[in-house]
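Student: Can we go through the side-chain contacts in this one? I'd like to start with charges and rings.

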Amino acid sequence: MWRALPRLKRRRCVLTSKGPCVHSSSGSPSVGYDGLYPGHIPTTAVQKALLAVGSGVAALRDPYRHDMVAVLGETTGRQALLRLRDRMRNDPEGSAVLTERPRIRLCTLHLAKMAALPDGSFGREYLRFLEENDVTPDSRAAVKFVDDEELAFVMQRYREVHDLLHTLLGLPTTMLGEVAVKWFEAAQTGLPMCALGAVLGPLRLNASRLQALLTSLGPWALQSGRRSRCVLSLFYERRWEQNIDELRRELNIPPPPSPR
């Protein structure tokens, strides 16, 4: 069996030993639940503005502060989330995602079944990505500051499909790969935090990688993000067996330029 399975299984056991897998839009229940969704923290417009400024400054100083990037996204993304929600509602598959509220976590993945899929299938390539880059879908932060239960799910879904986008776009978790994915996400979602990441990310690249981004990979990512189907509208959990190249064609995502 594929070598990623034992390590991912161990992570899954650690997670499920603490309780059942939660399918709500924002992760595990927490104290202070006010009725919108578990973990929600109600804030006023002024508080959101202060959180946006503070998290934005922190994210500028350290782009690896994923907690601050998450807060920035939640406090500045309402209009973009509304547009994404409407796109999902107007897509039959996206509407099903909104209705059923699936979660992409280790406890919802059938790892053994996915590991047995043939090379080139979406599920097998996604597991390969997780193993090769030593990442897990459980690392995505729970939504807290979005004052709408449905929009909170849209934001959570955006976070949880990030690694699936890496797989679909054929991009590693290197700095260049992350910046290219952010360019795609900025064009696709319109989320302000994605636009900020797309602008600031290139500042961390060396000269050769910056040239690759500006001359080939970046334009491809922007064009693909603008032209492709809404990536949040896919019920990925029902497409693990689909050939990844076929899925890319369905989404209107062309192969990335090479060499990268």
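Student: Which ring does the charged end of Arg-238 sit over?
Tutor: The ring of Phe-235, with the charged end 3.8 Å from the ring centre. A charge counts as sitting over a ring if NZ of Lys or CZ of Arg is within 6 Å of the ring centre and within 35 degrees of the ring normal. This is a predicted model, where local features need pLDDT of at least 70, side-chain atom pairs count only at pLDDT 80 or more, and totals for chains, interfaces and linings use all residues. Residues are numbered from 1 along each chain as its sequence is written, and side-chain values use heavy atoms, with hydrogens and water left out.

Student: Is Arg-238 buried or exposed?
Tutor: Arg-238 is exposed, at a relative accessible area of 54%. Buried means under 20% relative accessible area, exposed over 50%, and partly exposed in between (1.4 Å probe, protein chains only).

Student: And what does Arg-238 form a salt bridge with?
Tutor: With Glu-100; the closest N and O atoms are 2.8 Å apart. A salt bridge is a side-chain nitrogen of Lys or Arg within 4 Å of a carboxyl oxygen of Asp or Glu. Arg-238 lies in the loop between H12 and H13 and Glu-100 in helix H5, so the pair ties together parts 138 residues apart in sequence. Helices (H or I, at least four residues) and strands (E, at least two) are DSSP runs, numbered from the N terminus.

Student: How many salt bridges in the whole structure?
Tutor: The search finds 21. One of them joins Glu-93 and Arg-229, with the closest N and O atoms 3.0 Å apart. Glu-93 is in helix H5 (residues 92-100) and Arg-229 in the loop between H12 and H13, so this pair ties together parts 136 residues apart in sequence.

Student: New topic. How many aromatic pairs?
Tutor: Three. Rings of Phe, Tyr and Trp (its six-membered ring) pair if their centres lie within 6.5 Å; planes under 30 degrees apart count as stacked, over 60 as edge-to-face and the rest as tilted.

Student: What about Phe-122 and Trp-240?
Tutor: Their ring centres are 5.4 Å apart and the planes at 25°, so that pair is stacked. Phe-122 is in helix H7 and Trp-240 in the loop between H12 and H13, 118 residues apart.

Student: Which residues form the aromatic cluster?
Tutor: Phe-122, Tyr-126, Tyr-236 and Trp-240. Phe-122 is buried, with a relative accessible area of 0%, and Trp-240 is buried at 11%.
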